[in-house]
Amino acid sequence: MKFESQVIHAGDRKRGGPGAVPSTTPIHLSSTFFYDSAETLDRIFGHEEEGFSYSRYANPTNEALEELAATLENGHGALATASGMTALQLAFQAALMDRPHKIVSASSIYGATIKLLDQVLASFGVEIAYVDTCDLEAVERTIAREQPGCVFMESISNPLVRVGAIDKIAVLARAAGASLVVDSTFATPMLLRPLDLGAHIVVHSATKYLAGHGDVLGGIIVSDEQHHAQVRALSRVVGGNLGPFESYLTMRGIKTLAVRFERQCQNARKLAECLANHPCVERVYYCSDPNHPDARTIQQLFRPGMFGAILSFEIRDADRAKVMAFMNRLKLIVPGSSLGDVHTLLLYPVMASHRDVSPKMRERMGIRENLVRVAAGIEAIDDIMADLDAALRGSM
Ligand SMILES: *Cc1c(COP(=O)(O)O)cnc(C)c1O
């Protein structure tokens, strides 16, 4: 089945009891499940028979979403979690379970993930080494030097939209006996599928494109057989599961993922083209740019004709105050910190995602004071562009 059909049909319409089958998955709010005989429950607790007993272990609504996510990412199994950060924490713990407690991580990653690594995992004795995952030789050297149990990267970096060669890094990680974990929130399974490229675990903040409407906080972990068993075993103990209502909303959101993301990618591409010729714009960062430093990798890994829905641009001669004034002039675009929603969102990295990064470090990362990031929504492109244009020209 093609992706566009999987998003609508996978996971739904289970034949449960006798009689009518609901056409969409019901919300099962029950924390506990029982059977007509104690012997059945005994077999379920003993893993001799499959079935629901307690919602920290499994819940029918969550299970429908998990089957859908596992199908879309072509994994063995999935776990729906309370947030993207919970998904990352469980993924790292599962990846390190039988391996050296060392992680080689991409240096350009989501801010809270850096805190998870440097503050939370490091306090449990996990060692972290950072590397530019767009520099394959540096990755090879770092893996050889560190002998990590886990390699971590994002499929598209924030906010400069760099793309590392997941397939080649997977070969290096596997040769060293390390698990490759990929946060693919920005790409969605429509653009690329990390497990097909050799990763062991793929993680999403479902808060973004998967749920897609700015009304859910959630995460997803999709893994190969071995890692899925470890993720499940962990979550049986620590919980962190997504609630059934949020699972339902996420599943409802995913049904339109293909049409939403196609439109968002189209809008982002048109925005990138318009902004590149705008007098108030110094530079645009977008994956369709033929001069993009990772153009070859993008061509090899992305679904043809699609380049993602995130772009960044530098406003000409703008300092922090001018960027803030520009943001205050926006009327349609939401100046919020998220991405992947049906409405277009604009984020100022210096104020939000990279606030805690020192100015010197930011300079080295290439994140300048005049850089803003746009997550294209599904509105009419003319309205999005008119809003940006008016806000940009307001300062001329
Ligand atoms: C938002 C985000 C996260 C964190 O997800 P939450 O759902 O907010 O916990 C992790 N990684 C990336 C790339 C994100 O954009």
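Asp-317 counts as exposed, because its relative accessibility is 62%; exposed means over 50% relative accessible area, buried under 20%, and partly exposed in between, with a 1.4 Å probe and protein chains only.

A word on where the values come from. This is a predicted model, in which local features need pLDDT of at least 70 and side-chain atom pairs count only at pLDDT 80 or more, while totals for chains, interfaces and linings use all residues. Residues are numbered from 1 along each chain as its sequence is written, and side-chain values use heavy atoms, with hydrogens and water left out.

Back to Asp-317. Its phi is near 55°, a positive value in a residue other than glycine. Asp-317 sits in the loop between strand S9 (310-315) and H13. Helices (H or I, at least four residues) and strands (E, at least two) are DSSP runs, numbered from the N terminus.

Asn-74 also has a phi near 55°, again positive in a residue other than glycine. The loop that holds Asn-74 runs between helix H3 (60-72) and strand S1 (77-81). With a relative accessible area of 44%, Asn-74 is partly exposed.

One more backbone feature. Which two residues does a cis peptide bond join? They are Asn-158 and Pro-159, and omega there is about 0°. Pro-159 is in the loop between strand S4 (150-154) and helix H7 (166-175).

Now the whole protein. There are 15 helices and 11 strands. The radius of gyration is 22 Å, close to the 21 Å that the globule rule gives for 396 residues, so the protein is as compact as a globular protein of that length. That radius is taken over C-alpha atoms, and the rule is 2.2 Å times the number of residues to the power 0.38. Along the principal axes, the C-alpha trace spans about 75 × 50 × 35 Å.

Of the 396 residues, 53% count as buried. The accessible surface comes to about 17500 Å², and carbon and sulfur atoms hold 52% of that; such areas come from the Shrake-Rupley method with a 1.4 Å probe, and for residues only the protein chains shown count as cover. Contact means heavy atoms within 4.5 Å. Among contacts in the protein with a separation of 6 or more, 74% are between residues 24 or more positions apart.

Next, the ligand. How many residues surround the ligand? The number is 13, and the closest are Gly-84, Asp-183, Ser-205, Thr-207 and Lys-208. To be near, a residue needs one of its heavy atoms within 4 Å of the molecule or strand. By class, this shell has five nonpolar, six polar and two charged residues. Ala, Val, Leu, Ile, Met, Phe, Trp, Tyr, Cys and Pro count as nonpolar, Asp, Glu, Lys and Arg as charged, and the others, Gly among them, as polar.

Some of the distances are these. A polar backbone atom of Gly-84 is 2.9 Å from an oxygen atom of the ligand. For Ser-205, a polar side-chain atom lies 2.8 Å from a ligand oxygen. An N or O atom in the side chain of Thr-207 is 2.7 Å from an oxygen atom of the ligand. Taken alone, the ligand exposes 380 Å², and the protein buries 93% of that. A polar contact is a pair of N or O atoms within 3.5 Å; within protein, one must be able to donate a hydrogen and the other to accept it, and residues adjacent in sequence count only if both atoms are side-chain atoms.

Two residues of one loop come next. Is Thr-344 buried or exposed? Thr-344 counts as buried, because its relative accessibility is 0%. It lies in the loop between helix H13 (320-329) and strand S10 (345-347). The side chain of Thr-344 reaches the backbone nitrogen of Gly-377 at 2.9 Å. Leaving aside neighbours within four places in sequence, its contacts include Ile-333, Val-374 and Glu-379.

Leu-332 is also in the loop between H13 and S10, and is partly exposed at 33% relative accessible area. Not counting residues up to four places away in sequence, Leu-332 touches Glu-379, Asp-383, Ile-384 and Asp-387. Leu-332 and Glu-379 are 47 residues apart in sequence and 9.5 Å apart in space, C-alpha to C-alpha.

Last, Val-7. This residue is in helix H1 (residues 3-9) and counts as buried at 1% relative accessibility. Beyond its neighbours within four places in sequence, Val-7 is in contact with residues including Leu-68, Leu-72 and Ile-254.
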